[in-house]
Amino acid sequence: MGAIHVHEFMSLDGVIDAPTWTFEYGFHPRMGEAIGAVTGRSQGILLGRVTYEMFEPAWSTRTADDDPGAPFFNDTAKYVVSGTLTGATWRNSEVVGAYDPDAIRGLKERVDGDIYVSGSGTLVRAMLDDGLIDGLHLFVYPLTRGAGPHLFAEGAPPRTLSLEACESYDNGVVYLAYRPGG
């Protein structure tokens, strides 16, 4: 059975909207290594509709020469959770329908390896509520955003997480890897 690992770029106050605000900090090579460790063991990508619609035009034409992550995003099976999207045009993509925790559990059983999630805030919050996430990989940036979608929704139940890894970079970003439970 595969595990679901979520990767997010996040502000100090928990905002996870489209991370254009991360650009001024650059991308430290060790950040790529941390993401590569997660994607390297993943045999599937799970995305919400909005993130899929942002990723498809951004990644589908990239090559390994453009970005070392391009082969992973283009060659790996992608599963899109959406109640409105009827078809997926990006190679190796499948629309799995509206969010259904049992369907996600079935996907975890069906995929031979881990499943990677990036962005997809609505989907991630639902999976957190249903106990479907096995790891959170957070890159926390040294700024606050105030308004915007947060990783943990207002009124979400308290959670206990266990720290698995922690690393800081000279650009001020901190990588935190957590798993559910205490």
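Colleague: Hi! I'm looking at Arg41; what is its relative accessibility?
Modeller: The value for Arg41 is 37%, so Arg41 counts as partly exposed (buried is under 20% relative accessible area, exposed is over 50% and partly exposed is in between, with a 1.4 Å probe and protein chains only). This is a predicted model, where local features need pLDDT of at least 70 and side-chain atom pairs count only at pLDDT 80 or more, while totals for chains, interfaces and linings use all residues. Residues are numbered from 1 along each chain as its sequence is written, and side-chain values use heavy atoms, leaving out hydrogens and water.

Colleague: Which residue forms a salt bridge with Arg41?
Modeller: That is Asp114, and the closest N and O atoms of the two are 3.0 Å apart. A salt bridge here is a side-chain nitrogen of Lys or Arg within 4 Å of a carboxyl oxygen of Asp or Glu.

Colleague: Where do Asp114 and Arg41 lie?
Modeller: Asp114 is in strand β5 and Arg41 is in the loop between α1 and β2 (42-48), so their pair ties together parts 73 residues apart in sequence. Helices (H or I, at least four residues) and strands (E, at least two) are DSSP runs numbered from the N terminus. Asp114 has a relative accessible area of 13%, so Asp114 is buried.

Colleague: How many salt bridges does a search of the whole structure find?
Modeller: The search finds 11 salt bridges. Among them is the one between Asp134 and Lys108, with the closest N and O atoms 2.9 Å apart. Asp134 lies in the loop between α5 (121-129) and β6, and Lys108 in helix α4 (residues 101-110), so this pair ties together parts 26 residues apart in sequence.

Colleague: Is Lys108 buried or exposed?
Modeller: Lys108 is buried, with a relative accessible area of 8%. Asp134 is partly exposed at 28%.

Colleague: And what does Arg159 pair with in a salt bridge?
Modeller: With Asp129, where the closest N and O atoms are 2.7 Å apart. Asp129 is in helix α5 and Arg159 is in the loop between β6 and β7 (161-168), so the pair ties together parts 30 residues apart in sequence. Asp129 counts as exposed at 52% relative accessibility, while Arg159 is partly exposed at 28%.

Colleague: How much space lies in the largest cavity?
Modeller: About 40 Å³, a volume being the space filled by probe spheres set on the points, which are joined across faces, edges and corners. The count comes to 1 cavity of 30 Å³ or more.

Colleague: Aromatics next. How many aromatic pairs are there in the whole structure?
Modeller: There are 11 aromatic pairs. In one, the rings of Trp21 and Tyr141 have centres 5.6 Å apart and planes at 90 degrees, so this pair is edge-to-face. Rings of Phe, Tyr and Trp (its six-membered ring) pair if their centres lie within 6.5 Å; planes under 30 degrees apart are stacked, over 60 edge-to-face and the rest tilted.

Colleague: Where are Trp21 and Tyr141 in the chain?
Modeller: Trp21 is in the loop between β1 (4-11) and α1 (29-40), and Tyr141 is in strand β6 (residues 135-141), 120 residues apart. Trp21 is buried at 7% relative accessible area, and Tyr141 is buried at 1%. Ring pairs link both into a cluster with Phe9, Tyr25, Phe139 and Tyr175.

Colleague: What lies over the face of Trp59?
Modeller: Arg62, at 4.2 Å from the ring centre. For this, NZ of Lys or CZ of Arg must be within 6 Å of the ring centre and within 35 degrees of the ring normal. Lys78 lies over the face of Trp90 in that way, at 4.6 Å.

Conventions: On a 1 Å grid over the protein atoms alone, a cavity is a set of points where a 1.4 Å probe fits but cannot get out, and a pocket is an open set with protein on both sides within 12 Å along at least five of seven lines; lining residues have an atom within 4 Å of a point.
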